[in-house]
Protein chains: 2
Amino acid sequence: MYLFLDKNWLSHYRKMKARSEADKMSESNSVLVGNKPVMNYVLACITLFHGGAKEVNVKARGRSISRAVDIVEVVRRRFLPDTKVKRVGIGTQQMAPREEGGSPTNVSTIEITLER
Amino acid sequence: MYLFLDKNWLSHYRKMKARSEADKMSESNSVLVGNKPVMNYVLACITLFHGGAKEVNVKARGRSISRAVDIVEVVRRRFLPDTKVKRVGIGTQQMAPREEGGSPTNVSTIEITLER
C-alpha cells in the first residue's frame with residue numbers, strides 16, 4: 001500500500017516536471033530576472049546561446065531592471081563579444097491590488113533582446 | 001582687507017556659478033537620475049518639454065536605472081501622452097578604483113530618449 005501511494009506520487013511528480021519543462025520550452029529564449037545573483041542569469045543566457053539560440057530575451061520588472069542591464073552588459077562584454085543588443089523595450093505592467101478594494105499598482109518592465 | 005578677500009571670493013563664486021550654468025545649458029535636455037524621489041525627475045522632464053524641448057534624455061547608472069524607467073513611464077503615461085520613447089541605449093562605464101592599486105569597477109548605464 002505504501003509502495004502504491006509512492007508510485008502515484010512519483011508519476012504525479014514526473015507529470016508536473018514534464019509540464020514545467022514544456023512551459024520552459026515555449027519560453028525557451030527568455031530569461032526572467034529575479035533576485036538571484038547576476039552570474040546565475042548570465043550563465044542562463046550563455047547556456048541558451050550555446051544551445052543554438054539566435055536571440056535571447058532578458059526580462060525584468062521593478063527593481064530588477066538594473067540587474068537585467070548588468071546581466072546583458074556582462075554577457076556581451078565579458079563572455080560573448082559576438083552578441084549585440086538588438087532591441088530594448090520598456091513598459092508598464094498593472095498589478096492586481098494587494099487587498100480587497102485597494103487601487104491597482106503599476107510596475108515598470110524592461111525587455112532586452114540579445115542576438116548573435 | 002577682509003572686505004577685499006570677501007569680494008574676491010564672491011567674484012570667484014559667481015564665475016563658478018556661471019560656468020556650471022553654462023554646463024547645464026549644453027546638457028540642457030538631459031535629466032540625470034540620482035537618489036531623489038521619482039516625481040522630482042518627472043517634473044524636470046515636464047519643465048523641459050514645456051520650455052520647448054523636442055527631445056529629453058533621461059540618464060542613469062547603477063541602481064538608479066530602474067528609477068529612470070519609472071520616470072519615463074510616468075511622464076508618458078500620466079502627464080504627457082503625446083511623448084514617446086525614441087531610443088533606449090544601455091552601456092557600461094568604467095569607474096576609477098576607490099583606493100590606490102585597486103581594480104577599476106564597471107557600472108551599467110541607461111539613456112532613454114523621449115520625444116514629442
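This is a predicted model: local features need pLDDT of at least 70, side-chain atom pairs count only at pLDDT 80 or more; totals for chains, interfaces and linings use all residues.
Residues are numbered from 1 along each chain as its sequence is written, chains are lettered from A in the order in which they are written, and side-chain values use heavy atoms, with hydrogens and water left out.

Chain A holds an open sheet of 4 strands in the order E1-E2-E4-E3, with mixed pairing; here strands (E, at least two residues) and helices (H or I, at least four) are DSSP runs numbered from the N terminus, and two strands pair if DSSP finds at least two bridges between them. Strand E1 (30-32) and strand E3 (84-95) of chain A form the edges, each pairing on one side only. From one strand to the next the twist averages 20 degrees, where axes are lines fitted to C-alpha atoms, for helices over the stretch in contact, and angles run from 0 to 180 degrees between N-to-C directions. E1(A) and strand E2 (residues 55-61) of chain A run parallel and are joined by 3 bridges, and A:Val31 has A:Val58 in E2(A) as its bridge partner. Helix H2 (residues 38-50) of chain A packs on this sheet, where it touches E1, E2 and strand E4 (105-115) of chain A, and its direction makes about 170 degrees with that of E1(A). Helix H3 (residues 65-79) of chain A also packs on the sheet, touching E2, E3 and E4 of chain A, with a direction at about 5 degrees to that of E4(A); contact means heavy atoms within 4.5 Å.

In chain B, an open sheet of 4 strands likewise has the order E1-E2-E4-E3 with mixed pairing, and its edge strands are strand E1 (30-32) and E3 of chain B, each of which pairs on one side only. E3(B) and E4(B) are paired in the antiparallel sense over 11 bridges, and B:Gln93 is found opposite B:Val107 in E4(B). Helix H2 (residues 38-50) of chain B packs on the sheet against E1, strand E2 (55-61) and E4 of chain B, while H3(B) lies across E2, E3 and E4 of chain B and runs at about 5 degrees to E4(B).

Chain B can be laid on chain A with an RMSD of 0.0 Å by a turn of 180 degrees and a shift of 0.0 Å along the axis, the superposition being by least squares on the C-alpha atoms of residues with pLDDT of at least 70 in both copies. This is the relation of a two-fold axis. The same surface serves both copies, since 100% of the contact residues of chain B recur in chain A.

At the interface, 19 residues of chain B are in contact with 19 residues of chain A. The area buried between them is about 1,300 Å², of which carbon and sulfur atoms give 65%; buried area is the accessible area (1.4 Å probe) that two parts lose on being put together, summed over both. In chain B, the residues that lose the most area to chain A are B:Val69, B:Val88 and B:Ile90, together 37% of what that side buries. On the side of chain B that touches chain A, helix H3 (65-79), strand E3 (84-95) and strand E4 (105-115) of chain B are the elements that give two or more residues, and H3(B) gives the most, with 8 residues.
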